[in-house]
Amino acid sequence: TWQNISGNLKKSLAVGEAGFAASGTTIRTMPDGKVWIATGGAKANIYYSANYGHTWKVYECPILQGESSTGPFSIAFFDRKNGIAVGGNYLKDKENTNNVVLTTNGGKT
């Protein structure tokens, strides 16, 4: 049975912040209820829950952002701390400035 947990996120999205659905890889899960969701556009963030989405933390993602076509297009985690976000600007796909970022603390920085 599906359960709506949308109300568990207490922070509003920024104007122009959105998820890129085309890749299907901006949401990652791990055992024990760990979830990461990447957003982009005007603002790039990593939304993290350690308890199946009951509570959320929001971390700024330092990848290219600021336009509707920018931000992380895909994220992956090796374990609960080590991950990667890749993206950029899909309207300028030849540019490669600030389009790959790594984390060693679960997306906090």
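Here are some numbered notes on this predicted model, meant to be read with the structure open.

1. Let's start with the inside. The largest nonpolar core is built from twelve residues: W36, A38, A44, I46, Y48, Y59, C61, I63, I75, F77, A85 and V101. If you look for the elements that give two or more residues to this core, you will find β3, β4 and β6. As background for reading this part, nonpolar side chains in soluble globular proteins tend to be buried together.

2. Pick out I46, a member of that core. Which residues does I46 touch, once its neighbours within four places in sequence are set aside? The contacts are W36, I37, A38, K57, V58, Y59, C61 and I75.

3. The structure holds one cavity of 30 Å³ or more, and about 120 Å³ of space lies in the largest cavity. Its lining is made of 14 residues, and I46, A85, V101, T103 and G107 are the closest to its centre. What is the make-up of the lining of the largest cavity by class? The lining has nine nonpolar, four polar and one charged residues.

4. G107 deserves a stop, as one of the residues closest to the centre of the largest cavity. You'll find G107 in the segment after β8. Its relative accessibility is 9%, so G107 counts as buried, the cut-off being under 20%. Beyond its neighbours within four places in sequence, G107 is in contact with Y59, E60 and F77.

5. Now for the open space. The largest pocket has a volume of about 280 Å³. Lining this pocket are 16 residues, and L9, I37, T39, Y47 and W56 are the closest to its centre. Which strand gives the largest share of the lining? That is β3 (residues 34-41), with four residues. By class, the pocket lining divides into eleven nonpolar, five polar and no charged residues.

6. T39 is one of the residues closest to the centre of the largest pocket, and its place is in strand β3. Is T39 buried or exposed? T39 has a relative accessible area of 7%, which means that it is buried. The side chains of T39 and E17 are joined by a polar contact of 2.6 Å. Leaving out neighbours within four places in sequence, T39 is in contact with E17, A18, A44, N45, Y47 and P72. Among these, Y47 is also one of the residues closest to the centre of the largest pocket.

7. Over in strand β6, have a look at T70. With 2% relative accessibility, T70 counts as buried. Which backbone atoms does the side chain of T70 reach? One is the backbone nitrogen of G66, at 3.2 Å, and another is the backbone oxygen of E67, at 2.8 Å. Not counting residues up to four places away in sequence, T70 touches F20, G40, G41, L64, Q65, G88 and N89.

8. A word on backbone angles. Most residues other than glycine have a negative phi. Y52 is not a glycine, but has a positive phi of about 60 degrees. You can find Y52 in the loop between β4 (45-49) and β5 (57-60), and its relative accessible area of 57% makes it exposed. N98 is not a glycine either, and has a positive phi of about 55 degrees. The loop between β7 and β8 is the place to look for N98, which is partly exposed at a relative accessible area of 36%.

9. Last stop: F78, in the loop between β6 and β7. Is F78 buried or exposed? F78 has 71% relative accessibility, and the cut-off for exposed is over 50%, so F78 counts as exposed. Along the chain, F78 and M30 are 48 residues apart, while their C-alpha atoms are separated by 9.5 Å.

Conventions. Residues are numbered from 1 along each chain as its sequence is written. This is a predicted model: local features need pLDDT of at least 70, side-chain atom pairs count only at pLDDT 80 or more; totals for chains, interfaces and linings use all residues. Side-chain values use heavy atoms; hydrogens and water are left out. On a 1 Å grid over the protein atoms alone, a cavity is a set of points where a 1.4 Å probe fits but cannot get out, and a pocket is an open set with protein on both sides within 12 Å along at least five of seven lines; lining residues have an atom within 4 Å of a point. Grid points are joined across faces, edges and corners, and a volume is the space filled by probe spheres set on the points. Ala, Val, Leu, Ile, Met, Phe, Trp, Tyr, Cys and Pro count as nonpolar, Asp, Glu, Lys and Arg as charged, and the others, Gly among them, as polar. Buried means under 20% relative accessible area, exposed over 50%, partly exposed in between (1.4 Å probe, protein chains only). A polar contact is a pair of N or O atoms within 3.5 Å; within protein, one must be able to donate a hydrogen and the other to accept it, and residues adjacent in sequence count only if both atoms are side-chain atoms. Contact means heavy atoms within 4.5 Å. A nonpolar core is a set of buried Ala, Val, Leu, Ile, Met, Phe, Trp, Tyr and Cys residues joined through side-chain atoms within 4.5 Å.
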